[in-house]
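Student: Please take one part of this model and describe its packing closely. I would then like to see that part placed beside other packing in the chain.

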Amino acid sequence: MLMDGHTHTELCPHGSGEATEKMIQRAIQLGFQRYCITEHAPLPPAFRDQYEGTPAGYTEASLREDQVADYLALANGLKTKYAGQIEISVGFEVDFLPEHVAWTRDFLNTYGPRTQESILSVHFMRGLRQHFWCVDMSTDDFAAGFGQWLKTPQRVFEQYYQTVLASVQADLGPYAPQRIGHMSLVRKYQDYFGLTEPLDVHNLQLVDQTLALVKQQRRQLDLNLAGLYKPYCNDFYPGEQILQRAQKLDIPLVYGSDAHDIASVGRSYHLIKKLIEG
């Protein structure tokens, strides 16, 4: 089944603002049979005090709480309208924030009954002054938050993969997201900062612990091709090392365009067969 498992909407504050309906029409034109709308869930209000970095990294990262009803109305309206042409699922891309698990669980318990599938992602991790910084906001923010580790790339990777491991260990309740998003997002600026080296033995142990839990929990991995189009990444998420390990465990891999605009829907889908089959 042709499926795009990771897409966003016109409501996304850092998106293009282009009509979600036209994104769906493009998916239909390309022959997709299933389309997952996974807009960024709101961030916990208390997280703002722990976040340090460009204000937009917080204010434009996700929907506001007062937008959730509008988002669900939009997505479910399109799901109904195009039911005869494409199967649409509705959910959220949820941020893992270690000190806000209870808030996130409550959010999922509230809206989970109205969704079909969601994604769990790490966009923030602890850095300078033990505050949280965006992993994917800008090169300036990345340098400000994690600059103390940039000469030792494995330390940057360790901080990130410890956070990813904690995300799959977290008790997010019965509506916990079933898919782990772009599991190598820490490499978004790899070509800018020289973070291109393979994961070392220690970090691969963190990855293996994470994947073992993903397998045990019957979760999936987001095989996300958006990184190929990021000017300092030039690679897919989660990258070759993690992909091979996931394949050995028979963890389901779900293509995601991570589209925030019409043109990105289904982008590079034809590479998936090559990535998976070699």
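Tutor: Two residues are in contact here when heavy atoms of one lie within 4.5 Å of heavy atoms of the other. The model is predicted, and the description below is to be read as an account of that model. By this criterion, Thr20, Glu21 and Ile24 of helix H1 meet Leu74, Leu78 and Lys81 of helix H3. Helix H1 spans residues 20–29 and helix H3 spans residues 68–81. Their axes come within 11 Å and cross at roughly 35 degrees, and the crossing of H1 past H3 is right-handed.

The sheet comes next. It is open and has 7 strands, in the order S1-S2-S3-S4-S7-S8-S9, with parallel pairing. Its edges are strand S1 (3–7) and strand S9 (253–256), each of which pairs on one side only. On its paired side, S1 joins strand S2 (residues 34–40) in the parallel sense over 3 bridges. Although S1 is an edge strand, 5 of its 5 residues are buried, so S1 is largely enclosed by the rest of the structure. In a regular strand, side chains alternate between the two faces of the sheet.

The structure holds 21 aromatic pairs. One of them, Phe142 with Phe193, is stacked, with 5.3 Å from centre to centre and 25 degrees between the planes. This pair links distant parts of the chain: Phe142 belongs to helix H5 (residues 139–146) and Phe193 to helix H7 (residues 190–193), and the two are 51 residues apart. Phe142 and Phe193 are both buried. They also belong to a cluster that ring pairs build from Phe142, Phe146, Trp149, Tyr189, Tyr192, Phe193 and Tyr232.

Trp149, a member of that cluster, is also approached by a charge: the charged end of Arg155 sits over its ring, 4.4 Å from the centre. A further example of a charge over a ring is Arg267, which lies over the face of Tyr229 at 3.8 Å from the ring centre.

How values were computed
Residues numbered from 1 in each chain as written. Predicted model: local features only at pLDDT ≥ 70, side-chain atom pairs only at ≥ 80, totals over all residues. Heavy atoms only, no water. Phe/Tyr/Trp six-rings, centres within 6.5 Å; stacked < 30°, edge-to-face > 60°. Helix = DSSP H or I, 4+ residues; strand = E, 2+ residues; numbered from the N terminus. Buried < 20%, exposed > 50% of the residue type's maximum accessible area, 1.4 Å probe, protein only. Lys NZ or Arg CZ within 6 Å of the ring centre and 35° of its normal. Pairing = 2+ DSSP bridges. Axes fitted to C-alpha atoms, helices over the stretch in contact; angles between N-to-C directions. Left-handed = near helix turned anticlockwise from the far one by under 90°.
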